[in-house]
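Visitor: Could you walk me through how to read this model?
Guide: Gladly; let us look together.

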Amino acid sequence: MARIDLVDLAHSYHGPAADPATYALKPMSMTWRQGGAYALLGPSGCGKTTLLNIISGLVKPSRGRILFDQRDVTPLSTQRRNIAQVFQFPVIYDTMTVAENLAFPLKNRGLRGEQIASRVAEIAQLLDLTPHLKRKATRLSADAKQKISLGRGLVRPDVAAILFDEPLTVIDPHLKWELRSKLKALHRALDLTMIYVTHDQTEALTFADTVVVMQDGMVVQSGTPQDLFEKPAHTFVGYFIGSPGMNILPATVQGRRAHLSGHPIALTRAYDRLPAGARIEIGVRPEFVRVAAPAPNLLNARIERIDDLGRTRFARVRVGEQKLAAQVPNGMSFAGADVGLDFDPAHVHVYADSRLVEGAA
Amino acid sequence: MSVTLDHVTRFVSGVPYLHKTSLTLDRGTLNVLLGPTLAGKTSLMRLLAGLDRPDTGRVLVDDKDVTGIDVRKRSVAMVYQQFINYPSLTVYENIASPLRVAGKHRDIDARVQSVAKLLGLEPYLDRTPLQLSGGQQQRTAIARALVKGADLVLLDEPLANLDYKLREELRAELPRIFEASGAIFVYATTEPTEALLLGGRTICMWEGEILQTGDTASVYRHPQSLRVAEVFSDPPLNRVGVEKKDGSIHYASGERAPANGLYRDLADGGYEVGFRAHQLAAASGKNERHSFATTVLLTEITGSESFVHLKCDGFNWVAVMPGVVEYAPGDRLDAEIDPADLYVFDPSGRLVAAPATM
Amino acid sequence: MEKIVNQKAWLLVLPVFVLVAFSAIIPLMTVVNYSVQDTFGNNQFFWNGVGWYKDLLDPSTELGGRFFASLWRNLLFSAAVLAIEIPLGILVALSMPREGWRVAACLIILALPLLIPWNVVGTIWQIFGRSDIGLLGYTLNLFGLNYNYVANPLDAWLTIIAMDVWHWTSLVALLCYAGLKSIPEAYYQAAHIDGASRWAVFTAIQLPKMKRVLLIAFLLRFMDSFMIYTEPFVVTGGGPGNSTTFLSIELVKLALGQFDLGKAAAMSIVYNLIVLIVCWVFYTVMTNVGTERRPETGGV
């Protein structure tokens with residue numbers, strides 16, 4: 001059990017003397033509360049795995065400290081931090097049975113036989129592995145193997161936090177759902193701090209209470225899935241979260257009105273003091289763009305394609321040179337390629353140089 | 001041209017990887033092989049490519065038997081899950097390599113340029129693959145497959161190793177790229193969403209067998225069997241047993257309802273009902289709907305939609321609801337389905353009733 | 001079912017058939033021919049049936065006695081060499097650096113003994129071990145050890161084993177190193193997190209993952225040491241007495257020293273059969289170890 005504090009943490013693979021712009025992880029401070037479910041989300045190379053490895057102790061940071069419950073663990077090895085980690089590809093000890101795999105960390109810590117046996121039985125029960133305990137672990141399917149990897153972490157009574165490094169990569173889609181809800185159930189039952197690294201927004205958003213979005217070694221936004229979806233602090237978050245991502249459109253903004261290719265768009269807040277010379281854009285999610293038959297008060301657009309996802313449809317449209325996505329209402333059919341668009345004013349945000357601007361009420 | 005598999009089977013050291021299978025692929029089509037791991041997708045592709053020889057049956061190209069003819073003599077290109085390029089060659093040389101190998105030295109430049117343009121690789125032609133992102137590396141591999149104008153292009157989960165967002169981008173472009181080429185495309189994936197976005201034709205596979213073949217949207221909306229419905233649902237298909245008796249419906253979860261909607265024309269007896277996550281909703285109070293008393297297990301919120309995991313007398317279901325809904329685990333929720341909008345299968349798993357196509 | 005049959009293909013493999021016939025089949029047939037005949041010289045041969053084989057496999061005859069004595073010597077030598085080279089090779093591989101310029105340096109140093117021709121290796125050790133001018137022999141005697149491989153059978157054995165270890169441990173080490181390199185980093189990290197000791201990492205991860213290359217190393221080293229000829233011939237010539245006379249040396253003595261062609265031919269056939277059988281056993285074991293079964297379904 002632990003609260004994790006990152007204090008002025010930064011890392012460069014070329015040593016601390018390297019140019020700060022090339023740091024794999026730019027200086028950051030953050031607090032993760034005990035028992036929270038966190039996700040580190042970002043594209044490859046954004047520094048999320050580096051951060052994870054720093055927390056687990058596999059990488060020593062160039063700068064800053066890591067505190068577990070106010071105790072400085074920066075110089076401690078992975079073993080002494082009481083961290084468990086689940087990797088992208090299941091790590092299984094080939095020669096051992098499932099039970100021996102689960103017992104391995106306890107044996108290494110010198111626990112007694114009956115203690116080990118009862119603990120292994122308990123964890124196997126929790127992970128539905130009991131029927132397989134006597135089987136060779138290599139013979140199991142990928143999702144069972146991944147459960148064993150997780151079990152080796154859970155089996156230790158002293159574990160402070162569990163770290164996941166894209167653990168569902170090799171799992172089939174329908175099993176992903178099962179494994180993910182299992183993780184959530186475990187999280188609730190065991191009150192453990194869990195940190196989950198992924199590039200997959202669905203996994204991040206569904207797993208975590210707090211999602212930390214990273215780009216170029218920096219945290220761009222940290223918040224609940226709802227925050228990130230409804231009010232992205234940065235255009236990158238808007239693009240990266242949501243499928244399809246947010247429509248980001250260059251516009252001119254004055255007071256409570258934006259102009260997009262000459263068409264006025266209503267805003268719910270007033271933007272009178274926008275920074276001079278900044279690049280101004282408005283962002284609106286496809287879910288908040290209404291598609292309708294062309295009408296004089298609507299923004300004119302041409303449909304290029306309809307993506308049918310089965311449960312919902314997205315129209316890919318073009319306004320002048322600008323491409324947009326818009327969710328198509330259920331049951332709507334199209335007479336021609338021309339449509340009118342209407343933005344939900346409450347969900348139109350204004351960005352100056354890619355950063356969210358808070359309007360005045 | 002067309003490629004036909006005629007009653008082929010494939011065994012690897014006694015284990016059947018592919019049961020007796022027949023399939024015809026026509027020129028200019030995009031064929032999605034959809035199925036979980038070990039469904040036989042890769043085995044099927046290897047037979048199509050000529051990398052493996054079927055244990056029985058024939059492979060025909062334009063009605064000519066090519067069984068056992070070496071892959072190098074066939075007009076085939078393949079793209080793998082791993083990004084396979086020549087690390088020491090530039091992107092340009094990588095794309096040109098199949099032409100040079102084939103001895104087609106005429107207008108290499110024009111062909112490379114046009115394929116590079118199609119895949120958006122023009123700015124990177126002078127770089128080597130290691131200087132590229134994963135998405136660009138896979139684009140290079142796809143460009144290499146397209147440049148020689150092969151009649152048959154096989155893609156084995158080509159986007160699986162890419163970041164989610166890059167996958168999204170490339171997935172949106174692929175149908176356009178395929179259309180421009182005119183070859184036969186075969187695209188293997190485990191993800192139902194990917195199949196839906198690619199469109200074309202879907203060949204649904206399970207444990208070495210083809211379960212159903214047809215237009216992607218129609219396979220999705222009219223799965224002929226329970227298995228197909230399960231393979232082609234993400235989130236997983238919700239299921240419940242029912243019995244029709246004396247004009248009413250008895251759900252295995254304990255609920256009773258009038259036999260309206262699709263149930264109206266069914267004969268009395270036992271059935272298996274499947275409905276997708278978006279077909280299960282919070283109670284609206286409309287009385288033609290069938291309502292279930294459920295307990296919330298878990299709510300997963302993505303912002304745009306929420307996945308609510310429900311338990312209904314031993315059955316575990318997932319409902320997807322738009323926007324943010326906040327049910328806590330343990331909450332009671334009346335969930336309902338529209339009896340006109342679900343799939344009914346007979347006890348052997350064959351489809352007997354499906355919603356009218358929208 | 002119609003199959004495409006193209007008879008021209010046979011023509012293409014013809015050169016290989018001819019080559020194999022000249023290099024293997026014809027010499028082998030000649031040996032078989034000799035092994036069932038006796039001769040008194042003058043190129044006069046007469047039929048002896050399986051007589052030589054009977055003698056060979058009966059330890060009470062002169063021929064059988066020599067055969068079994070050298071066979072046991074050979075097996076003992078192979079066992080000794082394997083018992084030292086395999087663990088030592090693993091140890092060397094484990095202590096090699098994983099990255100940086102030192103990898104290349106280590107690889108070159110390791111490869112050096114492998115590049116030296118057999119008879120040169122023998123000559124090097126023959127001189128190295130001499131008690132009058134050899135560095136090893138002279139030094140040992142300086143420290144009061146009465147080392148003399150020409151006179152003392154135990155010294156001769158130790159010299160030959162040391163030479164083989166020096167010559168071939170690199171091969172085992174290189175194979176093991178390749179095996180170790182293929183283990184994903186995540187395994188080490190996971191073991192670290194699981195609190196595994198160095199020894200536990202070795203037994204739970206490294207050894208199982210090296211199983212295949214170790215089998216190959218074992219097979220190669222067994223075959224090679226079982227057929228060893230050049231080095232002991234150069235160093236000891238099979239002596240002192242017959243103490244280092246291995247099968248191959250015995251064979252040469254018999255065939256070229258005494259011109260007992262029939263006996264030698266029978267012995268070489270049996271020798272060959274032993275090698276083939278051992279090969280086959282290893283091959284079977286190896287292919288069984290190598291096949292990863294498909295995962296059983298229903299893992300959850």
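**Domains, interface and fold**

Guide: The C-alpha centres of domain 1 and domain 2 of chain B are 37 Å apart. This is a predicted model, in which local features need pLDDT of at least 70 and side-chain atom pairs count only at pLDDT 80 or more, while totals for chains, interfaces and linings use all residues. Residues are numbered from 1 along each chain as its sequence is written, with chains lettered from A and ligands numbered from 1 in the order in which they are written.

Visitor: Into which domains is chain B divided?
Guide: Such bounds come from an automatic or database domain assignment. Here chain B has domain 1 (2-231) and domain 2 (238-353).

Visitor: How many residues of domain 1 of chain B are in contact with domain 2 of chain B?
Guide: Two residues are in contact if their C-beta atoms, placed from the backbone, lie within 7 Å. Six residues of domain 1 of chain B meet seven residues of domain 2 of chain B in this way.

Visitor: And how many residues does each chain bring to the contact between chain A and chain B?
Guide: Chain B gives 33 residues and chain A gives 32 residues. On the chain B side, H6(B) provides the largest share, four residues.

Visitor: How many helices and strands does chain A have?
Guide: Helices (H or I, at least four residues) and strands (E, at least two) are DSSP runs, numbered from the N terminus. Chain A has nine helices and 21 strands, and its C-alpha trace spans about 80 × 50 × 35 Å along its principal axes.
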